[in-house]
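Colleague: Before I use these labels, I would like to see how each one is reached. Please take them in turn.

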Amino acid sequence: MAEKIIMMTEQRGNAPAIPATLETPTGLLSDRLARPLHDLRISVTDRCNFRCVYCMPKAVFNNDYQYLPHTSLLSFEEITRIAKLFIAHGVEKIRLTGGEPLLRKNIEKLIGMLAELKTVSGKPLDLTLTTNASLLARKAQSLKDAGLQRVTVSLDALDNTIFQRMNDVDFAVGDVLKGIDAAHQVGLGPIKINMVVKGGMNDQEIVPMARHFRGSPYILRFIEYMDVGASNGWKMDEVIPSAEVIRRISAEMPLEPVAANYTGETAARWRYTDGSGEVGVISSVSQAFCSDCTRARLSTEGKLYTCLFATSGHDLRALLREGRSDAEISTALAHLWRAREDRYSELRTSQTEALRRSANKVEMSYIGG
Ligand code: SF4
């Protein structure tokens with residue numbers, strides 16, 4: 001497997017061409033499949049203090065692993081400048097990811113800079129962050145004070161033995177729960193809890209997780225295990241389809257479907273029939289939602305990916321560091337988005353296992369989930 005791993009330092013993708021005619025952003029940009037540009041996910045570090053088996057397995061991300069040097073990372077000023085250009089094209093939601101974003105030094109400073117930005121219609125950005133919560137108890141208040149609105153927490157099991165087997169660094173589940181409570185106390189909500197379900201690894205935790213978070217202020221979401229990157233050895237038969245997740249929960253705590261909050265919502269919503277809250281299921285494998293995918297991803301070193309499963313990115317950092325103007329970079333972004341036709345998940349089932357494995361997909365810890 002090792003020869004298939006994509007090193008973070010590898011130069012993947014070129015600087016996009018600058019079109020001859022510069023254009024003024026209108027806030028209305030659509031790709032080839034008529035999908036608007038609405039969300040930007042920004043990876044602020046390629047490092048994580050967990051070694052989750054489906055994301056940063058220890059066998060690959062060990063002491064010899066070469067992480068990006070600090071000079072390769074986008075600075076906070078560079079990130080904010082790019083964010084502004086995306087917002088002018090219609091982005092209303094920014095999610096900070098990693099790696100583990102709370103490991104980026106002075107992340108509160110970046111949050112403060114992004115929190116000052118306004119959407120095209122003059123509203124505050126929907127500014128959020130996905131975290132493993134290991135540092136959340138310590139940082140919740142400073143994140144809130146900096147202007148973060150809410151957090152999403154990754155939590156794959158409640159059973160400590162299973163959780164520690166998954167994070168592979170002996171981090172205790174109780175400390176994650178303390179972090180979630182701290183975030184709630186300071187008003188970083190609504191808080192979503194994401195559980196990646198891998199058959200044979202943690203699927204016995206589906207019902208205990210539902211039981212635990214039912215009636216709480218937190219929204220639990222189950223995510224189908226995906227073939228992101230090349231290092232997790234994904235197999236289709238390890239995917240527990242969302243329909244099965246709902247069936248298992250409903251057998252004990254009956255659920256009924258709820259309409260989506262908005263077009264492009266990744267999670268299908270289900271509520272308990274007794275009114276004790278709701279859960280979500282993200283069916284990235286069994287029911288792909290590419291047709292509503294409005295997300296762009298910016299890697300730690302400033303490459304733009306138009307799909308989580310992309311094999312190469314567009315080097316925006318090169319444009320920044322060679323002194324291109326806002327108008328030039330903005331026009332290049334518009335052209336990239338208009339040319340977008342990614343729909344990997346919709347095509348996945350028609351591919352053979354060999355084809356899926358041969359694709360040189362970028363790692364999730366590099367561009368965020
Ligand atoms: S596979 Fe790509 S295009 Fe489809 S939903 Fe995922 S990120 Fe979006």
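Modeller: A residue is buried if 20 or more other C-beta atoms lie within 10 Å of its own, exposed if 12 or fewer, and partly exposed in between, with C-beta atoms placed from the backbone. This is a predicted model, where local features need pLDDT of at least 70, side-chain atom pairs count only at pLDDT 80 or more, and totals for chains, interfaces and linings use all residues. Residues are numbered from 1 along each chain as its sequence is written.

Colleague: Why is Cys48 called buried?

Modeller: Cys48 has 20 other C-beta atoms within 10 Å, so the residue counts as buried.

Colleague: What makes Cys55 buried?

Modeller: Cys55 has 23 other C-beta atoms within 10 Å, and is therefore buried. Helices (H or I, at least four residues) and strands (E, at least two) are DSSP runs, numbered from the N terminus.

Colleague: What makes β7 and β12 edge strands?

Modeller: Two strands pair if DSSP finds at least two bridges between them. In the open sheet of twelve strands, ordered β7-β8-β9-β6-β5-β4-β3-β2-β1-β10-β11-β12, β7 (255-258) and β12 (314-315) each pair on one side only.

Colleague: How do you know that β4 and β5 pair?

Modeller: Strand β4 (residues 150-154) and strand β5 (residues 192-197) share three bridges, in the parallel sense. The definition asks for at least two, so they pair. Thr152 stands opposite Lys192 in β5.
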